[in-house]
There are 2 protein chains.
Amino acid sequence: MQFLPISHVPVGSQDLLAEDVRLLRRIHAAWYALAEARGYEEVIPPTFEYEEVFTRGGGPELASRLVRFVDQDGRLVALRADFTSSIARVAASRLASAPVPLRLCYAGKVFRQEAAGEGRRREMFQLGAEMIGDASAEGDVEVIRLLLDTMHAVGIADFQVNLGNVEFVRPLLERLSFEEAEALRGAIDRKDRAALAAAVAAGEIEPGAGRSLVELPTLIGRGEMLIRAAELAIGESASSAIERLRRIDRLLTPAERAHIVYDLGEIRGLGYYTGIQFEVFAAGAGRAIGVGGRYDHLLALYGADRPAVGFALETDALAELLTQAAQR
Amino acid sequence: MQFLPISHVPVGSQDLLAEDVRLLRRIHAAWYALAEARGYEEVIPPTFEYEEVFTRGGGPELASRLVRFVDQDGRLVALRADFTSSIARVAASRLASAPVPLRLCYAGKVFRQEAAGEGRRREMFQLGAEMIGDASAEGDVEVIRLLLDTMHAVGIADFQVNLGNVEFVRPLLERLSFEEAEALRGAIDRKDRAALAAAVAAGEIEPGAGRSLVELPTLIGRGEMLIRAAELAIGESASSAIERLRRIDRLLTPAERAHIVYDLGEIRGLGYYTGIQFEVFAAGAGRAIGVGGRYDHLLALYGADRPAVGFALETDALAELLTQAAQR
């Protein structure tokens, strides 16, 4: 028999061997030990689920990147694209009558479609946690603390968490069309003060909100900055958003605060989050290596109307940082 | 918005929670500690691969049960159906020039299509090991020993390994048509002496082999049985097959021998294996919970012509046995 050589895996997939496996196992061991000590129970959801589980909570961006196929019963299924959706489903079904708060954690692969040739992975390892059924600032702090301690536990000390609260910005965008809001979100994300000033000059946004919007790119810093932000809050929910961040700041220890930068332009997850939102940056990684926040309305989409807060870290990015550090 | 309730996972899939997860993690920890101590390196292959990887070595039965879909590049891919195929591919590609013997191990999910309603899992956890590049009886014993010690390490003491050598039977079937051989294999598997005697009487098999075939169902027992089997061996390869088993028996310790039952009718994997073959049975499990043997021609299909021996255990079955034991 003649065979073509077999030596390839599909684009974006990879074999993990030797050192890479050992590093992954070390990260997982540190993560599970810490999460277990804090009362977080691991959940291992199926590798593929009915695609609806992921499209329901994940939004159009995630939906467009699902790795889908038709199951034997003719229904559309998708490889796990994120753990939060699967855990929301579990919380709304098997754990619907379990006492709250539920503390759940996970580590494993997620799968996302990439355009061929982009060179990005389609199989990625993630680890993370969700606390379900606690709406308090103490709940926010518990999850932030777990995140900070995870970074230390895996051996990464030089990192920063950009922490915002989407409720500060949301009122500023409320009366805009979808397109206007998207353009403004882009400008906020880029911290593009000129574009924000132009939008204000064009009369696009609510009278009185102009100064808040133009100042938004400067509302970044340690706890003191929150005092100035409070003066710029438009309406009650924006004021509460700042009050919440100030309360979190008080609950954190000085060592924890050293990793936190408050950033009120941190609104990546505006459509999804309902309170605090954060991204994790580390020296040596060119982009955020983790994300999280509060999503009090997400679980209702799955039939369990409960507040929730959580985070996810990109395990591969953690491994890469540790490999870089070992090579220095 | 109105949603249908989400509370289901696809048929044959499941969520693992709490105790089930802890048990799985305990089994994995014991397995990795043991395998690592014996020099076996973990490999984590992609979750889906080009389907050819699985059809090439897996045979028609496995091919018919692949969970397939079309990848973004238009090629057919399949969820990992067994680890041995993926590891054969790795051994023939990235590890093609690594020094032998290669000692590789794994633990994770495999995916197999089941007819709906059969109630069997489509996601199963397996763990196992492959030793590549060593054709010796010592290699056989190393892998058998790793299997025995794995059972003890996870906490299962009451088990038995039925160990045969497909080269004892292969000469008896050589001149038969495919259908005749299949019928005879079925009779051997059922230990159906009457059917075997009928086949001999019908003149189907090689003159002189009749007695061996009729006696086959009785060729089961401890090491002493191998002496009688040697007398019934037809041809050189059958004699070598018995000699190999006798050598293995001498290399095993008395405590190890206590778990071994030689069974020359153990030919489940006749198409795949080329030497020893075994199945693992445990008190409380109604079927084999593990399988293994030597497959010296398999890796050539992937472009790396090397002898190999290995085993796979069904992790879910191990977990079930441990749960039963805890409940007694």
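Before starting, I reminded myself that two strands count as paired if DSSP finds at least two bridges between them. I also kept in mind that this is a predicted model.

**Entry 1: strands that pair across chains**

With that rule in hand, I looked up where chain A meets chain B through strands. I found strand 2 of chain A, residues 41-44, pairing with strand 1 of chain B, residues 16-17. The sense is antiparallel, and the pairing runs over two bridges. Which residue is the bridge partner of Val43(A) in strand 1 of chain B? I noted Leu17(B).

**Entry 2: the interface as a whole**

Next I wanted the extent of the A/B interface. I counted 57 residues of chain A in contact with 57 residues of chain B. The size of an interface is often given as the accessible area lost when the parts come together, so I looked that up too. For chain A and chain B the buried area comes to about 5,000 Å², with 57% of it on carbon and sulfur atoms.

Then I turned to the polar side of the interface. My search gave 20 residue pairs in polar contact between chain A and chain B, with both residues at pLDDT 80 or more. On the chain A side that touches chain B, helix 1 (residues 18-37) gives the most, with seven residues. I sorted the residues of that side of chain A into 31 nonpolar, 18 charged and eight polar.

**Entry 3: salt bridges**

Side chains of opposite charge can pair when their charged atoms come close. How many salt bridges does the rule find across the interface of chain A and chain B? I got 10. Over all chains, the search of the whole structure finds 54.

I took a look at two individual pairs. Arg22(B) forms a salt bridge with Glu41(A), and the closest N and O atoms are 2.9 Å apart. This pair crosses between chains, going from helix 1 of chain B (residues 18-37) to strand 2 of chain A. I was happy to meet strand 2 of chain A again, as it is the strand that pairs with strand 1 of chain B. The second pair is Arg25(B) with Glu36(A), where the closest N and O atoms are 3.4 Å apart.

Strands of a sheet pair through backbone hydrogen bonds, either parallel or antiparallel. I traced an open sheet of 10 strands with mixed pairing, in the order 1(A)-2(B)-6(B)-7(B)-13(B)-12(B)-11(B)-8(B)-10(B)-9(B). Which strands are at the edges? They are strand 1 (16-17) of chain A and strand 9 (220-221) of chain B, each pairing on one side only.

Inside chain B, I checked strand 12 (residues 290-294) against strand 13 (residues 308-314) and found five bridges in the antiparallel sense. There, Gly290(B) stands opposite Leu313(B) of strand 13. I also noted helix 5 of chain B (residues 166-173), which lies across strand 8 (159-165) and strand 11 (276-282) of chain B. Helix 5 runs at about 45 degrees to strand 8.

**Entry 4: a sheet of three strands in chain A**

Chain A holds an open sheet of three strands in the order 3-5-4, with antiparallel pairing. Its edge strands are strand 3 (48-50) and strand 4 (68-70). From one strand to the next, the twist averages 35 degrees. I followed strand 4 and strand 5 (residues 76-79) of chain A over three bridges, and noted Leu76(A) in strand 5 as the bridge partner of Val70(A). Helix 2 of chain A (residues 52-63) lies across strands 3, 4 and 5, at about 100 degrees to strand 3.

Most residues other than glycine have a negative phi, and most peptide bonds are trans. I looked for exceptions. A cis peptide bond joins Val100(A) and Pro101(A), with omega about -5 degrees. Pro101(A) is in the loop between helix 3 (83-92) and strand 6 (102-111) of chain A. In chain B, a cis peptide bond joins Val100(B) and Pro101(B), with omega about -5 degrees. Last, I noted Ala18(A), with a positive phi near 45 degrees; Ala18(A) is in helix 1 of chain A.

Key:
Residues are numbered from 1 along each chain as its sequence is written. Chains are lettered from A and ligands numbered from 1 in the order in which they are written. This is a predicted model: local features need pLDDT of at least 70, side-chain atom pairs count only at pLDDT 80 or more; totals for chains, interfaces and linings use all residues. Side-chain values use heavy atoms; hydrogens and water are left out. Contact means heavy atoms within 4.5 Å. Buried area is the accessible area (1.4 Å probe) that two parts lose on being put together, summed over both. A salt bridge is a side-chain nitrogen of Lys or Arg within 4 Å of a carboxyl oxygen of Asp or Glu. A polar contact is a pair of N or O atoms within 3.5 Å; within protein, one must be able to donate a hydrogen and the other to accept it, and residues adjacent in sequence count only if both atoms are side-chain atoms. Helices (H or I, at least four residues) and strands (E, at least two) are DSSP runs, numbered from the N terminus. Ala, Val, Leu, Ile, Met, Phe, Trp, Tyr, Cys and Pro count as nonpolar, Asp, Glu, Lys and Arg as charged, and the others, Gly among them, as polar. Axes are lines fitted to C-alpha atoms, for helices over the stretch in contact, and angles run from 0 to 180 degrees between N-to-C directions.
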